[in-house]
Amino acid sequence: MINRYSSRREKLDNSFLTKKLSGARSYDRIAGYFSSSILEVAGEAIETVSGKVRIVCNSGVTREEVQTAKAAQMAQRREWGNSKLEDKCNGLAGRLTKLYQLLSSGKLEVRVAPDDVFGLVHGKAGVITLADGSQTSFLGSVNETGAGWRLNYELMWEDDSLEAVAWVQQEFEYFWNSPYAVPLSDFVVQDIERLSRRQIVPSIDDWREKPDPAGVVVEAPVYRQELGLWEYQKAFIEQAFHDHRLYGGARYVLADQVGLGKTVQLAMSAQLMALYGDKPVLVIVPKTLISQWQEELMSLLLVPSAVWTGKNWHDEQGIDWPDADISHCPRRIGIISQSLIVNAKEEYQEQLLKQCYECVIVDEAHRARRIKYKDKHDWRFDRRNANKLMDFLLKISPRTKSMLLATATPVQMHPIEAWDLLNILSQGNMSVLGSYNSPWRIHRSQGLALISGEEHLPTSSVLECCEWLRDPFPPREEDKQNFGRLRDELRLSDNEFYVSPSKMLDLIDSPACKRRIVRMMTDNFIEQHNPFIRHIVRRSREFLENNGQLPKIEVVLMGEDRAETIPLYNYLQQAYNLSEKFCHSLGRRVRGGGFIKTMLLKRMGSTMIAGRRTAEKMLHWDEPEAADYLLLEEDDAQASQADVSECKQLTSEEKDWLQELIEILKNHEDDDPKYEKLVNILQEKEFARLGCIIFSQYYDSAYWVAEKLSREAYFNTWPIGLYAGGDKSGVFKEGIFQKCTKDELKTAVRQRKIKILIGTDAASEGLNLQSLGSLINLDLPWNPTRLEQRKGRIQRIGQLHDKIFIYNMRYRDSVEDRVHEMLSKRLQEINRIFGQLPDVLDDVWIDVALAKEEEARLLIDSVPNKHPFTIKYEAQTVEHVDWESCAKVLDNQEKRRLLMQSWH
C-alpha cells in the first residue's frame, strides 16, 4: 500500500516517524548530513527499537581521506569542528546524552560517505522493520533533522510492498557496504559526550580562581578544526603554566626538533599567561616568522595580537594603529622582529625596557650569541662580547615574570651557547642557575663536564656535592622522594631555590639526610638533575615516534647519490664557470658581504632563468629597482643595501663575464636539464600521484616552473599552484595564470583539488601541507634552516601518509654538490643530534663558493658530536594529559575581551 505525506497537511514526525519507530525491530536510513537533531524528533522512539539503527550520511571528507582509517578520522574531526556545535548546544544536553549513549553502546551506527565519490545524496529514504516483523519503506525530500521532520515543507511517500522495501534496502546497502563509507569518528562520539556536559565559565576572575588550561583551549580551532595536541605538547604547556603561577615564572629553552610544533606550544603558553596575569606579553621572532606567528595565534587559538611594522602596530584584523608607539601595543600580545632589536634606533629598546611583562617569548633564540669565541673551552662571559640581541634579552629578562626561548639548536658550535641561553633566563630568577655565587655560574666549564660525564664529583666529599646541590636547589616534583623530603627538612617552600651554606651544614648533621645526599650523588645525580636538562626541554622526533607518542612518518630521501645529480652540459658548464669567475673576482676585491659576493652562484644553482635574470640586474646595480630585486629573496639577516653598495662598481672584465653569461643562457633558455629531471620525478617516481610541493628560494624559478609544467601534455588539465609572498600567489591552467589568495590555495590543497604546488621560501613558514606525500627541492638553500623548514611542511603532525618522499636536486660539480660532498660524512650524524643543521653552516657554502675549502672543513669539523640535553626527556614516557573531556570552558567573548586590551 502507498501512503502519501505532506508537511502542509500534517506533522510528519508525529504522523509517521515516531509512530512507526515505536517498538520497531530495526531502522535503516539514507540521510543527508549527520546531525545531533536525529534524536530531536524521535529520540524516545529510537530508544525503543530493539535492534540496530543504521544511518548512512554525506560527508565533506574526500575519496583519498577515507582510504586509511587515520586520515578518515582526522578529516571527520575537522568537519565536525567546523560545524561549531559548541555554539549551538545550549539546552541540548538531554538530547546529546541520549545520542552518546546510543552511539557508544553500538545500538546506533553511523557511516559517512564522501561527497566526491557519491555527490550530494539528495535521495532520502529508509526501511523500518516494525514490531510485528513486517517492513515498510519511505522516500522523499525529508532529511534526518528536526527542521526536516517538523519545520520545512517536505513531501514523502510510504510504500510497504515487498518490491519497494527490497529496492530501498538495496540502495541503503550500496552506500553502507561501500569501501568509501567509514564509521563515525571516535572523536565525534567522545565530543558529543563532552558537549552534553558543557558549562561556560562566565568571567576571567572565576577562571583565575581555579585556572584550567583545558578550559581555555579545548574549543579553539587547534582542537575543533585541526588535530588537537600531543601529550608531550600538553605536558610542556602545563609545566610552563604551573611554573608561571607557582614558582614566580617559567624559564625554559624549548629545543624540540623541527616539525614538532614549538610555535603552538609557545603560543598557547603565552595565551594562558596573558589571561592569568595583567601585564603584556612580548614575542620576539625573526622577521620572516612575524606573519606566521600572528596567523597561527588567530587561526589555531583565536588569539588576537598586533605586529610592529617598524612604523606602527598592525593588528590581526589588518588595521594599522598609527597613533600607538612601540610601548603602546593595542593588544595584550605584541610581536616584534629581531631585526628591530639589531638594527633599529635605541629609543625602541629603551621604550620596550620601560615595561614589565607577564611573559617574553623569543623564537630562533640561538641568534642571541656572543660576537666571537676564543675557543670552545673558554667559558668566561663578558657582556661586551654579546651581540645586540643577546644584550637586549639580558636586559629584558629581569623585567618579565616568565621567559621562553625557542630553538632547535641550543648548541650551534660551542657548548657555551647553551650556558648563554640559561644565563639569559637566569637574570632576575634564581631557579635557573642559582645565585651569583653558584658553582653553575662560577665553574661553568666544570659544570658541563659533569653533566656530560667527562668529570665526576667525588662522592667522598659531601660538602663539595652539596655545593652543586644547594644553589639552585632542585624543585620538589623532579624527585619527590629525595628533593621533596630534603625540602621538608630544610623548610624550603616550593618557590625557593637557594639554600644557605649554614642551612646545608645543619642538614648534613643529620645522618639520615647525609646518607640520602650521598646515595643521590652516587646515582648519576649531576647527569640526571642539573640546570641544563631542567630548563632545556628537548624532544626528538625519533624518540617520540619509537615510543608511540607520535605516529611514525618514514622519510625516503632521494637524489643523494652522485649518480642522481644533474650533469652540467657543455653550455651550462660554460655559464657556471663564468659565474665562478665573477664571484671569485668580487671575493678578492670587496670587503664583507659574503652572501652578495656569491649570490650569482646561488641563483645559478636554482635554475637557468634565475641565473640569467640575476646577471641582468647585476649589470645595472646602480638602479634602485635592481638592488631591490637582488635583495628581495635574501635572508634579511644576511643581506643589506650596504652590501650591495660595496659591489656596485664592477670592473670591465666582470661586466664582460656577465654579458657572456647572459647570452649563453638566452640561447638555451628552453634547455634547462633540471626542469627535465623535475618532470621525470613527478611522472616516473609518482610524486604527482602522491601530491607534491616543489620548493625554490626564488620567485623567478618558481613562476617559470609552474607556468612550464601547466603547459606539459601530461599536466595540462591539472591546476598548478604557485604559493609566494605578497599578492603573487595563484593557479596556472594550460599556461594561464589566475591570481588567488594564499588561504584559497591552502584550502584547495587540503581538499585535493591541487596536487602540485610550487612554493618560495619567502612564503613557506606557516604552510601546512599534510595532504601532500612528496617534496622536491629545486634548489638547496644555503641557510640550512631553510631546508628543515621546507621538510617540515609535510613531515609534520597530521601527515596523511606513513611514508613521504623527498628529492634534493643539484647540478653535478656545482657549489651545492661540493658542499654536499664535504658534509655527507657528517650530515646524518649532525641532523640526528640536532634535528636540523646549525645556522652557522651557511658559512660553509660561502667558503666553498669563494674557493676557501679548507676553512669550510674546519667549520664542519667544529660542530659538536653529541647533544647532552635529551637525557631527561628520552628517559621517560609522558603521561596522558586529559584536556579533551573538559566540559567547563571559559567564555570565548570574555577571553577575547581581555586579550584585546592594550598594554596601557
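## A covered strand

Strand S3 (residues 53-59) is mostly covered, with seven of its seven residues buried. Buried means under 20% relative accessible area, exposed means over 50%, and partly exposed lies in between (1.4 Å probe, protein chains only). S3 pairs with strand S4 (residues 108-114) in the parallel sense, over seven bridges. Two strands pair if DSSP finds at least two bridges between them. Ser59 has Pro114 in S4 as its bridge partner.

## Model and overall make-up

This is a predicted model: local features need pLDDT of at least 70, side-chain atom pairs count only at pLDDT 80 or more, and totals for chains, interfaces and linings use all residues. Residues are numbered from 1 along each chain as its sequence is written, and side-chain values use heavy atoms, with hydrogens and water left out.

The chain has 44 helices and 27 strands. Helices (H or I, at least four residues) and strands (E, at least two) are DSSP runs, numbered from the N terminus. Of the 904 residues, 59% count as buried. Among the chain's contacts with a separation of 6 or more, 76% come from residues 24 or more positions apart. Contact means heavy atoms within 4.5 Å.

## The nine-stranded sheet

Nine strands form an open sheet with mixed pairing. Their order is S14-S13-S12-S15-S11-S16-S17-S10-S18. Strand S14 (320-321) and strand S18 (536-537) are the edge strands, and each pairs on one side only. In a regular strand the side chains alternate between the two faces of the sheet.

Strand S12 (residues 306-308) and strand S13 (residues 313-315) run antiparallel and are joined by three bridges. Trp308 has Trp313 in S13 as its bridge partner.

Axes are lines fitted to C-alpha atoms, for helices over the stretch in contact, and angles run from 0 to 180 degrees between N-to-C directions.

Helix H12 (residues 231-246) packs with H13: their axes come within 9 Å and cross at roughly 30 degrees. H12 and H13 are therefore roughly parallel to each other. Angles under 35 degrees count as roughly parallel, over 145 as roughly antiparallel, 65 to 115 as roughly perpendicular and the rest as oblique. From H12, the contact uses Tyr232, Gln233, Phe236, Ile237, Ala240, Phe241, His244 and Arg245. From H13, it uses Val264, Gln265, Met268, Ser269, Leu272, Met273 and Tyr276. By class, this contact of H12 with H13 has 10 nonpolar, four polar and one charged residues. Ala, Val, Leu, Ile, Met, Phe, Trp, Tyr, Cys and Pro count as nonpolar, Asp, Glu, Lys and Arg as charged, and the others, Gly among them, as polar.

Eight of the 11 residues of helix H32 (residues 608-618) are buried, so H32 is largely enclosed by the rest of the structure. The buried residues are Met608, Ile609, Ala610, Gly611, Arg612, Thr614, Ala615 and Met618.

H32 packs against helix H35 (residues 652-667) at an angle of about 145 degrees, with the axes 9 Å apart. Met608, Gly611, Arg612, Ala615, Glu616 and Met618 in H32 meet Leu658, Leu661, Ile662, Leu665 and Lys666 in H35. The contact of H32 with H35 has seven nonpolar, one polar and three charged residues.

## Gln427, a loop residue

Gln427 sits in the loop between helix H18 (416-426) and helix H19 (430-433). Gln427 is buried, with a relative accessible area of 11%. Leaving aside neighbours within four places in sequence, Gln427 is in contact with Arg251, Leu394, Ser397, Pro398, Tyr436 and Arg441. Ser397 is 30 residues from Gln427 in sequence and 5.6 Å away in space, C-alpha to C-alpha.

## Backbone points to check

Asp471 and Pro472 are joined by a cis peptide bond, with omega about 5 degrees. Pro472 is in the loop between helix H22 (462-470) and helix H23 (480-490).

Glu734 is not a glycine, yet has a positive phi of about 50 degrees. Glu734 lies in the loop between strand S22 (730-733) and strand S23 (736-739). At 53% relative accessibility, Glu734 counts as exposed. Asp813, also not a glycine, has a positive phi of about 70 degrees. The loop between strand S26 (803-808) and helix H41 (815-834) holds Asp813. Asp813 is partly exposed, with a relative accessible area of 41%.
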